Amino acid sequence: MNQNVFFLSSLTLSITTFSIIIILFYYGKESIHKLYALQNVAIFLWAINACIGSQIKDIFFTSLFFKLACFGAHFIPIFMFHLSYTLIKSRNIKFLVFNYVQGFIFAILLFGTRLVFKETYIDYGFFWIPNPGPLFIPWFILWISTTAFAHFPLVKLYISQKQNEKIPLKYFLVSSVVGFVSGSLNFLLPFKFTFAEYGNFGISLYTIILTYAFLKHQLLGIEIIIRKSIFYSMFITILTGIYLILIILMEGSFRGIIGYKSVFISATAAFVISIIFNPLRNRIQTLIDKLFLRKTFDEFARENEFLKQELERSERLKTASTLALGLAHEIRNPLTTIKTFAEFLPEKYSDKDFINKFSKLIPTEVERINSIIHQLLTFSKPSPPSFKDTDIHGLIKDILGFLNSVFLKKKMRISEDYADSMLMIRIDPVQIKQALLNIILNAIDAMPNGGILSMKTEIIRDSCFKIRISDTGCGILKEDLKHIFDPFYSKKDEGTGLGLAIAHRIITNHNGTIEAESETGKGTTFIITIPLTAKISEISGE
Amino acid sequence: MPQKPTILICDDEEGIRESFNLILKDKYELVFAESGKDCLKILKENKDISLILMDIKMPKRNGIEITREIKCLRPNIKVIVVTGYESAEIAKEATDAGADAYITKPFESKNIINTIYKII
């Protein structure tokens, strides 16, 4: 086996890109991920064929592998072009079509003619390189031009960006310069510039810098994918190195023992090592996941938890502010009455009319403040639900019975459509009664001139209980609908605006959901869903 | 004896209307409205009204909307917005709507009298 700089640099590059390709195709969801993967396919094609080509001296195979390698190399800037136009969200199709057309024309010239490479070879000691044909230099110019065109929109974007936004693109551009300059060194190989062999290390550097940019600055939003791929690439590279060294050592020592070089010994050594290679690789993979990636996921989990807490805190502050504003208004009105009447009491003590109003208004206003405080306490610190198996339809009928006189007075008709069974569900009957009552009272207020109140229940897939409470009232405006469960949000003539907020809190505490649909002038429907967490006992309705 | 100026009190709460009645009835002619709609109706019928004490939170149409409408219809009428909300944004909204003054509840009777005196 011939080890040389060109072989090692190509091998490193193949492993890195191969790992990135597999993971990007597997996990990448967006078109930008696929394009970056395609660019890596092109780099891989270059690297793997250069790697194999650097191990053989054969007229047919050297030509084939170097042509395949150059085919890959040619498509690196082409995919880069597509990637950068997608990054800047350009819709200019003409450039893209031209880009791919020139790519395929080159492929025909490369494989079908001797214009790019001749069928004579330069001896590099361990391997051959085909001699450049008449189109080799024009190809190099075309390659460089495509590279420049691919970077042009990115440079333009970079210039127009604000200082603090520039960093991710800066990495992209710097790594590109390193990668493409190093890559272009390979064009000097047919001219016997030996330092050109180091070019592929530069391309590896390009992948590393870009990967760093992806990791640190979340350039394509694929940091976790890349994070995985770089760890795996690293350990595959290390293992491959160990594998190669072991084969060479074994071959050397066997040759020392038996005295001649044998392919059989190398093959046996490779076979033995490959048997232990796979389980070892799996163990190391698990270890890497455990050591590095678990920490990463923990970090993500911690970060998510922190963000969730921040969000909850900000929501709590928003609710507190709405509460404070609403509370101030609700309490200041009765306080004004109490304060003014108290102020005039010594002066108007003997005024009968004043005393009548005083005795009528002041107790009412004090009771109002008390009621607001009671509701506020229920809302802000609800007692934990005390779950009991409850006949939910019986509970609904109780509420309707309790409100019967109100329905008669308001000329309201009730429509009932219940799921076809007596259903026991595990809820806090007192709290659910309060929630349903608040919603029904809301429906009553929406129909001052009478109407139909519909109660409908159903069981969804044996897992949820759904109640629909509909009225044929005035409906709720679209802009108000999203606020109806906010505390103190009320457009009604009476009430504090806490009723629906309390209903919402109760249903949420039962792990349920409550939502409202409304059409102005036609009515509103509240849809409550409560999970059937405990066992359902169904008894035939008969 | 000169005629007492007429003040329209627009508030949906009886307690507040009665409080204003206690404070102002000796000095001013008082007219009461229970809603914005009522207020606009009274304003059309009664041309003597020189000042309105306007609540903000009222059913259907709020005091700020009504103030804006009044200032378009009869820009000479003075409007004092009276509210339980103590917020700079609401005060600004009221001023933008054309209100001449802004008083927060619970108010001092002296404060009400002085403000009205300054404006009329």
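Let's start with a spot where two helices of chain A touch: Leu395(A), Ile396(A) and Ile399(A) in α11(A) meet Pro429(A), Ile432(A), Lys433(A), Leu436(A), Leu437(A) and Ile440(A) in α13(A). Sorted by type, the residues of this contact come out as eight nonpolar, no polar and one charged. Keep in mind that this is a predicted model.

How do the two helices lie against each other? Two packed helices are described by the angle between their axes and the distance between the axes. Here, helix α11 (residues 392–402) of chain A and helix α13 (residues 429–446) of chain A have axes that come within 10 Å and cross at roughly 50°. As for handedness, α11(A) passes α13(A) in a right-handed crossing.

Chain A also has an open sheet of five strands, with mixed pairing and the order β4-β6-β7-β9-β8. Which strands sit at the edges? Those are β4 (412–417) and β8 (513–519) of chain A, each of which pairs on one side only. From one strand to the next, the twist averages 15°.

Strand β6 (residues 451–460) of chain A pairs with strand β7 (residues 464–470) of chain A in the antiparallel sense, over seven bridges. One residue pair to look for is Ile459(A) and its bridge partner in β7(A), Phe465(A).

Here are the chain A elements with residue ranges mentioned so far:

| Element | Residues |
|---|---|
| Helix α11 of chain A | 392–402 |
| Helix α13 of chain A | 429–446 |
| Strand β4 of chain A | 412–417 |
| Strand β6 of chain A | 451–460 |
| Strand β7 of chain A | 464–470 |
| Strand β8 of chain A | 513–519 |

Now over to chain B. It holds five helices and five strands, and if you read along the sequence, chain B follows the pattern β-α-β-α-β-α-β-α-β-α. Of the 120 residues in chain B, 38% are buried. Then there are the contacts in chain B between residues at least 6 apart in sequence: 56% of them join residues at least 24 apart.

Finally, where do the two chains come together? In the model, 18 residues of chain B are in contact with 18 residues of chain A. On the chain B side, the largest share, seven residues, comes from helix α1 (residues 14–24) of chain B. By type, the chain B residues that touch chain A are seven nonpolar, five polar and six charged.

Terms used: Residues are numbered from 1 along each chain as its sequence is written. Chains are lettered from A and ligands numbered from 1 in the order in which they are written. This is a predicted model: local features need pLDDT of at least 70, side-chain atom pairs count only at pLDDT 80 or more; totals for chains, interfaces and linings use all residues. Two residues are in contact if their C-beta atoms, placed from the backbone, lie within 7 Å. Helices (H or I, at least four residues) and strands (E, at least two) are DSSP runs, numbered from the N terminus. Ala, Val, Leu, Ile, Met, Phe, Trp, Tyr, Cys and Pro count as nonpolar, Asp, Glu, Lys and Arg as charged, and the others, Gly among them, as polar. Two strands pair if DSSP finds at least two bridges between them. Axes are lines fitted to C-alpha atoms, for helices over the stretch in contact, and angles run from 0 to 180 degrees between N-to-C directions. A crossing is left-handed if the near helix is turned anticlockwise from the far one by less than a right angle, and right-handed if clockwise. A residue is buried if 20 or more other C-beta atoms lie within 10 Å of its own, exposed if 12 or fewer, and partly exposed in between; C-beta atoms are placed from the backbone.
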